[in-house]
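Grab a pencil and work through the exercises below.

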Amino acid sequence: MTIKVHKKLLLTGAAGGLGKALRERLKANCSVLRLSDVQAFGDVAANEEVVLADLADAAAVHAMVQGVDAIVHLGGVSVEGPFGPILQANILGVYNLYEAARKHGVKRVVFASSNHVTGYYRQSETISADAPPRPDGLYGVSKAFGEDLSRFYFDRYGIETACVRIGSSFPEPKDRRMLATWLSFDDLHRLITACLTTPVLGHSIVFGVSDNAVTWWDNSRARHIGYAPKDSSDIFREAVYARTPEPDLTDPVVQFQGGGFVKAGPFAD
Ligand code: NAI
Ligand code: 15L
């Protein structure tokens with residue numbers, strides 16, 4: 001059973017793919033779910049409230065954060081692309097978020113980081129959270145910035161953060177790489193719930209991945225979070241093999257954990 005540890009929980013990026021998947025699920029975690037995005041929403045339920053904000057707008061972010069107990073931060077640019085929007089949403093945006101958390105006394109954040117912080121490790125390697133970042137693009141660099149910034153806000157101000165390096169969270173794995181990186185929506189919710197409810201979170205990095213037989217990530221440093229995945233990509237393996245070509249082992253997309261992100265860009269701003 002999910003314990004409602006927090007009264008008012010803020011979900012940023014709530015209009016996005018994962019935001020939509022989590023919106024219903026996270027109602028079990030709180031009395032009121034505050035939804036935020038830069039895009040407008042449709043209907044708002046009784047135990048929901050909406051505060052629209054551009055993450056790059058400090059005043060709007062302060063209004064978004066005021067009055068909440070904890071934050072699940074999904075908002076921002078979610079793929080590789082030109083630096084301008086990444087700078088605004090993911091770098092300035094995450095700074096605005098932590099400054100607002102400090103000012104308004106929010107003590108726990110779940111930050112949607114990404115596997116692209118370590119995308120330049122090889123698919124033949126297994127890494128833990130102790131492995132130095134090797135971002136595979138500007139998007140991965142922006143997530144590494146968020147991880148470092150949140151560590152500073154923990155060391156200086158005691159704001160606890162789980163940096164969840166999400167693998168590939170979609171209804172099903174789309175290709176052979178995602179057999180290793182897949183995270184079901186239910187496991188994502190289990191992981192966020194664990195981050196919100198573990199007695200002592202500290203500043204932690206955890207790979208967001210289901211219980212897949214093939215894995216590149218060792219989560220043993222995050223045992224204190226108490227995340228126990230229940231789903232696995234293995235049930236999709238046969239179908240994925242049948243519809244996808246043999247991998248070309250000389251292709252960087254197949255060599256590196258970041259997959260296609262290692263070949264994305266450069267982009268004009
Ligand atoms: P998405 O792109 O569908 O959703 C992101 C949301 O952030 C959008 O609704 C967008 O409007 C909002 N946003 C963008 N710029 C903004 C700004 N300046 N101010 C306010 N809101 C802004 O992405 P998705 O898939 O839902 O991912 C959610 C989070 O999880 C992202 O931070 C992404 O980097 C991270 N993530 C997702 C993975 C996945 O497999 N879906 C894998 C790794 C990380
Ligand atoms: C991410 O960080 C992206 O947000 C998501 O759209 C996927 O591309 C995912 O990584 C992935 O690596 O599959």
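**Exercise 1: contacts of ligand 1**

A polar side-chain atom of Tyr139 sits 2.5 Å from an oxygen atom of ligand 1. Find polar contacts that a nitrogen atom of ligand 1 makes with Asp54 and with Leu55.

Before the solution, some ground rules. This is a predicted model, where local features need pLDDT of at least 70 and side-chain atom pairs count only at pLDDT 80 or more, while totals for chains, interfaces and linings use all residues. Residues are numbered from 1 along each chain as its sequence is written, chains are lettered from A and ligands numbered from 1 in the order in which they are written, and side-chain values use heavy atoms, with hydrogens and water left out.

*Solution.* Start with the cut-off: with a ligand, a polar contact is a pair of N or O atoms within 3.5 Å. Next, Asp54: a polar atom of its side chain is 3.0 Å from a ligand 1 nitrogen. Then Leu55, where a polar backbone atom lies 2.9 Å from a nitrogen of ligand 1. To finish, check the cover: of the 820 Å² of accessible area (Shrake-Rupley method, 1.4 Å probe) that ligand 1 has on its own, the protein covers 85%.

**Exercise 2: the shell around ligand 1**

Work out which element gives the most residues to this shell.

*Solution.* First collect the shell, meaning residues with a heavy atom within 4 Å. There are 27 of them, and Leu18, Asp37, Ser78, Tyr139 and Ser169 are the closest. Now look at the DSSP runs (helices H or I of at least four residues, strands E of at least two, numbered from the N terminus). Helix H1 (17-25), strand E5 (108-114) and helix H4 (138-157) each give two or more residues.

**Exercise 3: ligand 2**

Which side chains put a polar atom 2.7 Å from an oxygen atom of ligand 2?

*Solution.* His116 has a side-chain N or O atom at 2.7 Å from a ligand 2 oxygen, and Arg177 has a polar side-chain atom at 2.7 Å from one. Ser168 comes in at 2.6 Å. The protein covers 83% of the 320 Å² of accessible area that ligand 2 has on its own.

**Exercise 4: Val44**

Is Val44 buried, partly exposed or exposed?

*Solution.* Locate Val44 in the loop between strand E2 (30-35) and strand E3 (48-50). Buried means under 20% relative accessible area, exposed over 50%, and partly exposed in between (1.4 Å probe, protein chains only). Val44 has 42%, so the residue is partly exposed.

Technical notes: A polar contact is a pair of N or O atoms within 3.5 Å; within protein, one must be able to donate a hydrogen and the other to accept it, and residues adjacent in sequence count only if both atoms are side-chain atoms.
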